[in-house]
Amino acid sequence: MPPSIHSIRHPIAWLAAIACLLPGMGLAVSAPTPASLGRAIFADPGLSASGAMSCASCHSPAHAHASPSEGLVPPGGPGLDVPGFRTAPSLRYLDMTMPFGFDKEGTPVGGMNRDGRANSPLEQAARPFTAPHEMANASPAEVVAKVEHAAYADDFRAVYGANVFADTEGAFFRILFSIEQYERTAREFRPFDSKYDEFLRGRLRLSPLELRGLALFNRPDKGNCAACHPSARGADGSFPLFTDFTFDALGAPRNPAIPATADPDYYDLGLCGPDRIDLANRRDLCGAFKVPTLRNVATRHAFFHNGVFRSLSEAVRFYARRDTNPEEFYPRDANGVVQKFDDLPPALRGNVNTLEVPYDRKPGQTPRLDESEIAAIVAFLHTLTDGYDPRTDTADPARSLGHDD
Amino acid sequence: MTRTRIAAALAAILAFAPLAQADDAGLRSEVAELRAQLQALQREIATLRQERAPVTPASAASAAAVPAPATAEDRANRDSGTQLTGYAELNYNRPTAKAAAAQADLRRAVLGFTHRVDDTTRIVGEFEWEHAIVSADDKGEAAVEQLLIEHEIHPSLGLRAGLMLMPLGLLNERHEPPTYYGVERNFVETAIIPSTWREGGVALYGTTAAGFSWSAGLTTGFDLGKWDATSDEGRESPLGSIHQEMQLAKARDPSLFVAGNWQGIPGLTLGGGVFTGKLAQGMEKYPAADARLVLAEAHARWQSGPFDVQALYAHGHISDTEALNLTLLGNPTPVPESFWGGYVQGAWKVWERDDSSLAPFLRYEAFNTAAAYAPAPIGLAPDTAPAEHVWTIGANYWLNPNIVFKADYQHFDVDDTKNRFDLGMGYMF
């Protein structure tokens with residue numbers, strides 16, 4: 001039985017009573033943590049040279065931590081006019097990604113970024129702060145100085161020590177650590193609340209069209225998508241991440257919307273450069289990019305590393321018809337010859353995967369998927385969007401926010 | 001009053017003492033004689049115990065046609081203390097359609113022990129290496145095949161606890177190469193009954209005077225969460241792909257088994273068994289949370305003179321897989337609702353000298369690892385597998401009952417690319 005108000009006479013008893021009541025009144029103020037700092041840093045546009053670009057600008061929480069822009073590659077820099085090179089991937093479901101390495105068969109696996117060059121979310125968080133086409137700070141010290149004067153600077157000191165800003169390098173590391181903690185602990189980065197997740201839990205059924213799409217997605221003789229984007233629960237009951245963490249060279253068409261492609265000698269070769277430099281001599285890996293998770297893929301506005309396709313249907317159609325109808329995707333040269341895999345130097349086009357289903361076709365053969373089958377797979381891929389509401393049969397990744405543990 | 005009685009007794013003893021002394025030598029002689037008789041009786045009892053048929057679980061005993069090598073359990077029953085046991089199997093397979101796929105394999109080498117703690121209790125262990133080399137980069141496996149304690153509660157009733165072989169079928173419990181015909185174990189008792197199949201748990205076993213042996217137990221079971229719809233392992237052996245072998249086994253749902261054999265007529269064995277248990281092991285939010293396996297089999301064996309005939313039928317059923325299979329649509333190996341297999345086999349010992357013998361045999365098997373699936377939406381139902389029919393003709397040559405050399409040819413009616421010649425050798429001790 002709680003004490004009556006008249007029985008509380010001692011000041012300590014008053015404090016105790018207030019402390020007990022505050023949570024119930026919604027007035028509790030939780031102490032700052034590395035993760036809460038990370039959330040603040042992630043959303044702070046003041047940490048960029050332009051003062052208008054934060055991590056969230058390209059990894060919007062409401063857009064499944066991917067680009068909210070319908071534009072191709074969002075420009076950055078001090079004036080937000082420096083064009084980028086690659087589409088921004090979603091940051092959701094990345095926490096299971098292992099550091100980059102080679103498995104025992106020699107296959108590259110893991111890592112962050114489309115070329116896997118960052119081994120952890122912490123390492124990944126460092127690059128955009130100083131990338132000229134992104135947040136464009138001159139140095140990590142400039143980032144630290146901005147945090148030192150941010151609204152959450154006192155919280156930063158409370159968590160990491162009053163003198164934390166005296167050590168610039170140490171403070172920058174703690175900024176990255178905070179972001180990583182946010183990404184690793186906030187449930188919004190891994191809500192597993194899509195329609196498909198509910199289906200895997202046995203709580204609902206997919207529609208006939210979605211089921212057909214799932215079957216085509218899995219079938220080794222049709223889409224064969226699950227070969228790289230596994231769709232089944234693991235032996236430990238874990239939910240599928242729709243990536244096997246490997247890399248593949250798919251030969252996506254060159255995208256002239258990326259200004260850099262105006263230079264005929266410019267090629268984004270993924271694992272072997274130019275952004276990544278440690279594998280520059282592994283020419284056999286040129287053109288290979290990370291197999292991304294397909295969760296929330298239906299919320300994307302641009303597909304593949306260079307955003308060459310602007311709709312999910314186009315992207316799926318590319319898989320099915322790349323080898324039977326290459327003229328639909330690649331330009332012709334002056335002699336009318338289709339320039340297949342034109343975003344790779346001719347000498348490296350042999351790296352493109354042409355052996356596995358559905359690529360194992362030739363012009364004149366029937367594509368592995370027809371239009372109705374492509375539509376079914378697209379319908380299925382829509383079930384992978386977070387924030388599913390069974391009452392309206394709609395999904396919105398923004399619904400996954402605010403449910404942190 | 002009490003004192004008077006004690007005094008009277010003392011007086012009587014004193015009165016008869018000289019008489020007792022006089023007869024002391026005779027008594028000593030008599031005691032010595034009795035002692036000798038007692039020792040003789042003890043020896044006889046020990047001999048009878050060693051020769052007595054052991055209380056074995058409900059497995060089919062081998063008798064006439066196949067030489068009767070001692071299994072690890074039998075041998076241990078006849079001996080005392082700690083016994084080292086073992087067996088091995090080395091096979092050569094040569095597909096007729098693809099000689100390049102010919103393969104020689106040290107299929108398994110097994111060492112075991114049986115330690116008799118006392119007259120009623122023993123410890124049995126078997127440790128297996130498969131495919132010769134076990135390392136991170138090799139395909140071999142090391143496994144504990146059995147590890148159990150047996151305690152005889154009564155001459156006709158025993159208790160077993162630990163990792164034990166399931167007493168279903170003719171082969172699972174007696175799988176040493178000299179005990180069966182053919183280079184490879186038959187398909188029904190590998191694809192349908194997943195030999196060598198063991199579970200952890202407790203069991204009672206016993207025999208009756210009418211020749212009925214039985215066993216029943218409560219054990220671990222299978223884990224449907226291990227089902228890999230992208231692999232063909234579940235197509236080769238549905239239960240073999242989800243067995244746990246007591247390796248960090250999920251044990252939320254215990255399984256039950258009951259099995260028995262009747263051997264009331266010399267040479268004849270009639271038996272069967274049932275194993276059932278839930279497969280989800282309590283996995284949360286799982287679309288096949290109530291899936292249950294029922295595996296049942298019946299078998300018969302008749303061994304008379306040079307003839308050895310046996311037949312077996314096994315049927316498995318997994319319930320409540322409809323929702324799970326929907327999540328696996330399009331994958332090559334959904335979870336089957338039913339699978340079955342049966343075989344008949346006849347062998348004839350045509351030659352015998354001392355411990356050596358030769359027996360040709362013929363076996364016909366039919367089995368289907370994916371005979372039916374749970375209902376699926378129209379147009380999305382997975383294809384059931386056709387039943388495979390296999391003829392095996394060959395011969396076993398026993399150098400002695402514990403060493404065997406084998407040769408056979410196997411013909412597959414459906415997938416004739418699997419037709420092959422097999423050679424094998426095996427031993428047990």
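**A buried valine, and what surrounds it**

I start with one residue, V73(A), which counts as buried because it has 24 C-beta neighbours inside 10 Å. The cut-off for buried is 20 or more. Before going on, note that this is a predicted model.

Where in chain A does V73(A) sit? Its place is in the loop between α3, residues 55-58, and β1, residues 101-102. C58(A) and V73(A) are 15 residues apart in sequence, and their C-alpha atoms are 9.3 Å apart in space. Which residues does V73(A) touch, once its neighbours within four places in sequence are left aside? They are P83(A), G84(A), F85(A), R86(A) and T87(A), together with I258(A) and G307(A).

Now chain A as a whole. It has eleven helices and six strands. Its C-alpha trace spans about 95 × 50 × 40 Å along the principal axes. Of its 405 residues, 44% are buried. Taking contacts in chain A with a separation of 6 or more, 64% are between residues 24 or more positions apart.

Domain 1 of chain A gives 30 residues to the contact, and domain 2 of chain A gives 36. On the domain 1 side, the residues divide into 15 nonpolar, seven polar and eight charged.

Next, two helices of chain A that cross. The axes of α2, residues 34-42, and α7, residues 168-185, come within 7 Å and cross at roughly 100°. That angle falls between 65 and 115 degrees, so α2(A) is roughly perpendicular to α7(A). From α2(A) the contact uses P34(A), A35(A), L37(A), G38(A), R39(A), I41(A) and F42(A). From α7(A) the contributors include I175(A), F177(A), I179(A) and Y182(A). The residues of this contact divide into nine nonpolar, four polar and two charged.

Over to chain B, and its strands. Strand β1, residues 82-95, is joined to β2, residues 103-116, by twelve bridges, and the two run antiparallel. One of the pairs there is G86(B) with L111(B) of β2(B). β1(B) also pairs with β17 of chain B, residues 420-428, over nine bridges, again in the antiparallel sense. In that pairing, N91(B) stands opposite G424(B) of β17(B). As a general point, side chains in a regular strand alternate between the two faces of the sheet.

Last, how the chains meet. How many residues of each chain are in contact with the other? There are 19 from chain A and 19 from chain B. On the chain A side, the elements giving two or more residues are α8, residues 195-200, and α9, residues 208-218. The largest share, eight residues, comes from α9(A). The chain A side divides into twelve nonpolar, three polar and four charged residues.

That is the tour; I will take questions now.

Terms used:
Residues numbered from 1 in each chain as written. Chains lettered and ligands numbered in written order. Predicted model: local features only at pLDDT ≥ 70, side-chain atom pairs only at ≥ 80, totals over all residues. Contact = placed C-beta atoms within 7 Å. Helix = DSSP H or I, 4+ residues; strand = E, 2+ residues; numbered from the N terminus. Nonpolar A, V, L, I, M, F, W, Y, C, P; charged D, E, K, R; others polar. Buried ≥ 20, exposed ≤ 12 C-beta atoms within 10 Å, placed from the backbone. Pairing = 2+ DSSP bridges. Axes fitted to C-alpha atoms, helices over the stretch in contact; angles between N-to-C directions. Parallel < 35°, antiparallel > 145°, perpendicular 65-115°, else oblique.
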